[in-house]
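Reader: I am new to this one, so please walk me through it. How were its features worked out, and what do the terms stand for?

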Amino acid sequence: MDQTSIDELRNRDVPPCHHLIDGKARPASSGETMDVVSPIDGSILTTIARGTAADMNAAIGSARAAFDDGRWKNQPPAARKAIMLKWADLVEKHALELAVLGVRDNGTEIAMAFKAEPLSAAGTIRYYAEAIDKVYGEIAPTQQNVLGMIHHEPVGVVGAIIPWNFPLMIGAWKIGPALATGNSLVVKPPETASLTLPRMAELALEAGLPEGVLNVVTGEGAVVGEAMALSMDVDVLAFTGSGATGRRLLEYSARSNLKRVYLELGGKSPHIIFADTADLDQAAKVVAAGIFRNSGQVCVAGSRLLVQQDIHDDFVAAVTKASAAMQPGDPLLLDTKIGAINSENQLKQDLAAVETAVHEGGKLVLGGTRCLEETGGFYMGPTIVDGVKASHSLFQKEVFGPVLAVTSFADEAEAVQLANATDYGLAAGVWTSNLSRAHRMVRAIHAGVVHVNTYGGADVTVPLGGVGQSGNGSDKSLHAFDKYRNLKTAWIQL
Ligand code: NAD
């Protein structure tokens, strides 16, 4: 990746984005489109199909037909593996094109997007492809006169609903294991970052994935997402997004066919710094990166800094210094530290959260305002609010923007109590040079992932899932297969 190649791609016209149904690009059945506003400068980049319920149902019908006739699930495992590996290669080959298209659509800084989006998606697809011919069924430990066999069967049609922060990475976390287990899919990209998933799905066709196995329908969540979730013909819904939408999906499931619903929701993840941390300067840099990369629009962002009171002043000063060096800039420049906020609406929400935090008694230490307004784009600098109490909204509510809440604690017991004092349980970080304390904290914190002396970067080999109101089920690792397959017992008298 170099700046010249990025600059060549950044000005390319982007054709209107259609659905991908049964292997064909199709406009919305109503003919309607939605404008795609680039957060880089507020310009209209292109349009996407404004899908209808009929479009969604056509895509589900196509996925169902593909599943029922076995064109994918009945292929030999080695053949399916080869197709998915070829797909991963194609995603990698087109990585820069996908990354630049994605950044123009959602505003993430390119250096991060390139790795976190196409390259990560390719790695995920490859990981699950490799597993296809390595995961076995089971024989139960029965008495001698029977044979208890446990078959793993694909569930059928999987609906995947994706958020705007990392559509390719999060999309691949669902598409990879669902395809590897033999299912068909319909994917619903987010309204404000729809362009890359249909393109990645086209590459799957090029790799040899049979038509109809992977469909993509764009449009409004409340229309096409709802139609997917209410469908009687979708067997599993895999969702990443907000808690409010997650709750709706559970209701839709109850009102339709009781489809399994897996929710990966938000977080308010604590990043805890003990005074005995070996390298406090390094910790300060990681705290800043842990909240501010992709402008805080990261589900596992360490958005609550809990710092031991003895080091509070010096440590907050060090984090502030590291954060101030991460000012936003043009997301398509390689040395930009943080890019744009995804949409004007999200920017307004982020600014309002800071206003409320200050009103509730928090002390603004850094940022808190819109910047680079002259570009027409949506930017906000790293923002730090100190003196945040457990009763404050900034402590309890996810912002999903570049805002860090700082709270101090006296001892380990108080650190645990504060860490667990929200409804969420997605991620956490602990910095200490005391090995026993590190292990005690891992056990005591309610979260899907606890980082120790680092933050973020957990790869595809380990699960990511939340507890509490951060969701259920896990993406990544071989455990993700459990979401997309049924267990069937054969009980055979010998
Ligand atoms: P969102 O819930 O608004 O939208 C997510 C998806 O749901 C979009 O594709 C949207 O179109 C769709 N949707 C919206 N309303 C719907 C409805 N009524 N029926 C069906 N689908 C509907 O969330 P967002 O703003 O796109 O994403 C931000 C949220 O996602 C944050 O809360 C963040 O923490 C969370 N997130 C979680 C993870 C994780 O792995 N746990 C990862 C990334 C983001």
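Author: Let's start with domains: their bounds come from an automatic or database domain assignment. This is a predicted model, where local features need pLDDT of at least 70, side-chain atom pairs count only at pLDDT 80 or more, and totals for chains, interfaces and linings use all residues. Residues are numbered from 1 along each chain as its sequence is written, and side-chain values use heavy atoms, leaving out hydrogens and water.

Reader: How do you know that the second largest pocket draws on domain 1 and domain 2?

Author: At least three residues of its lining come from each of domain 1 (3–265 + 471–491) and domain 2 (270–459). The lining of the largest pocket also draws at least three residues from each of these domains.

Reader: What makes a space a pocket, and what makes it a cavity?

Author: On a 1 Å grid over the protein atoms alone, a cavity is a set of points where a 1.4 Å probe fits but cannot get out, while a pocket is an open set with protein on both sides within 12 Å along at least five of seven lines; lining residues have an atom within 4 Å of a point. The structure holds 4 cavities of 30 Å³ or more, and the largest cavity has about 70 Å³ of space. Among its 13 lining residues, Gly296, Ala301, Ser303, Glu398 and Phe400 lie nearest its centre.

Reader: Which helix gives the largest share of each lining?

Author: A helix here is a DSSP run of H or I with at least four residues, a strand is a run of E with at least two, and both are numbered from the N terminus. Helix 9 supplies 9 residues to the lining of the largest pocket, and helix 5 gives 6 to that of the second largest pocket.

Reader: Why is a residue such as Gly called polar in these linings?

Author: Ala, Val, Leu, Ile, Met, Phe, Trp, Tyr, Cys and Pro count as nonpolar, Asp, Glu, Lys and Arg as charged, and the others as polar, so Gly falls among the polar ones. The lining of the largest pocket then divides into 18 nonpolar, 21 polar and 9 charged residues, and that of the second largest pocket into 15 nonpolar, 7 polar and 4 charged.

Reader: What makes strand 6 and strand 21 a pair?

Author: Two strands pair if DSSP finds at least two bridges between them. Strand 6 (residues 146–154) and strand 21 are joined by 9 bridges and run antiparallel, so they count as a pair.

How values were computed
Grid points are joined across faces, edges and corners, and a volume is the space filled by probe spheres set on the points.
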